[in-house]
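Visitor: I am new to this one. Could you show it to me and take my questions?
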Amino acid sequence: MSALMAAVEQGREAERKTLPGPILLLGAPGVGKGTQAKELVKLWGIPQISTGDLLRANVADGTTLGRTAKEIIGRGELVPDVLVNEMVAARLLEPDAVRGYILDGFPRTLVQACWLDARLAAQVGALPVVAVSIQVNYNQLLRRITGRRICPVCQSIYNIYVNPTKKEGFCDVEGAELIQRDDDTEEVFKERMRAYAALTSPVVEHYRDQGRFAEVDGDRPIEVIAAEIVAAVERLRLQG
Ligand code: AMP
């Protein structure tokens, strides 16, 4: 290889290492994956791809997928892998995902993880995933989930216990009446945690074993956690 070609190749390699690439945010329901994803979106300008949000949009639009998913989500169970993978595949093809993306709530099973790994392995030049698992204890999660309220207009997330609005029940930004997700009840939370322990915990171990994996304590201020995630992603990317 000529010196010029080697320099070009080196430049490309350096550029690749500065790209955020695919980032996975892992963790139980309520650990703050969505909140953290929004922080990373602001920083890197890559999209947040939340399978929960995509599924809820399908439910709202009454699509075939939405009609199948509605009851499953309501019970706190997982939507079949093949349907979720297909939905993610379509989303990853959109142009905004070229430099990278933050997957929030996916993969949630080993089948989904292996599907994603194989997809990236088959893609020339694709960076491998960097996975960050956010940890919060069970009682905290229960409070976060049952106290969570969402603005239907701007999607701001509040919590009646730890992050209440100025006027109870109404969004500080939009003034709209806040809503509670149907699956944010204690009963459904318990089922979601059961699904997490049985099906998603092995996904965390899968990525821990692969390396390019970090764990962060999610029981701290949002900006402190975000800074730690950013540092971890940058360190793991440089590591190659
Ligand atoms: P979330 O908003 O991430 O808490 O997801 C809400 C619900 O959507 C979950 O309880 C599941 O029923 C469904 N869901 C979201 N992501 C997935 C996924 N990757 N695989 C299967 N079901 C999912």
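Guide: Start with helix α4 (residues 64–75), which holds Lys70. Helices here are DSSP runs of H or I with at least four residues, strands are runs of E with at least two, and both are numbered from the N terminus. The model is predicted: local features need pLDDT of at least 70, side-chain atom pairs count only at pLDDT 80 or more, and totals for chains, interfaces and linings use all residues. Residues are numbered from 1 along each chain as its sequence is written, and side-chain values use heavy atoms, with hydrogens and water left out.

Visitor: Is Lys70 buried or exposed?
Guide: Buried means under 20% relative accessible area, exposed over 50%, and partly exposed in between, with a 1.4 Å probe and protein chains only. Lys70 has a relative accessible area of 53%, so Lys70 is exposed.

Visitor: Is Leu116 buried or exposed?
Guide: Leu116 sits in helix α6 (residues 110–121). Its relative accessibility is 0%, so Leu116 counts as buried.

Visitor: Which residues come nearest to the ligand?
Guide: A residue is near a molecule if one of its heavy atoms lies within 4 Å of it. There are 16 residues around the ligand. The ones that come nearest are Thr51, Arg56, Glu77, Gly105 and Gln112.

Visitor: How far is a polar side-chain atom of Thr51 from a nitrogen atom of the ligand?
Guide: A polar contact is a pair of N or O atoms within 3.5 Å; within protein, one must be able to donate a hydrogen and the other to accept it, and residues adjacent in sequence count only if both atoms are side-chain atoms. For Thr51 and the ligand nitrogen, the distance is 2.8 Å.

Visitor: What share of the ligand does the protein bury?
Guide: Areas come from the Shrake-Rupley method with a 1.4 Å probe; for residues, only the protein chains shown count as cover. Taken alone, the ligand exposes 480 Å². The protein buries 96% of that.

Visitor: Which side chain of opposite charge is nearest to Lys33?
Guide: Lys33 is in helix α2 (residues 33–44). Lys and Arg count as positive, Asp and Glu as negative, while His and the chain ends are not counted. A salt bridge needs a side-chain nitrogen of Lys or Arg within 4 Å of a carboxyl oxygen of Asp or Glu. Lys33 is buried and has none; at 5.0 Å, the nearest opposite charge is Asp104.

Visitor: Which backbone oxygen lies 2.9 Å from a polar atom of the Lys33 side chain?
Guide: Lys33 has no salt bridge. A polar atom of its side chain does lie 2.9 Å from a backbone oxygen, that of Gly27.

Visitor: Why is Asn159 called buried?
Guide: Asn159 lies in strand β6 (residues 157–159). Its side chain has a polar atom 2.7 Å from the backbone nitrogen of Tyr161. Asn159 counts as buried because its relative accessible area is 7%.

Visitor: Which peptide bond is cis?
Guide: Most peptide bonds are trans. Pro107 is in the loop between β3 (100–104) and α6. With omega near -5°, the cis bond runs from Phe106 to Pro107.
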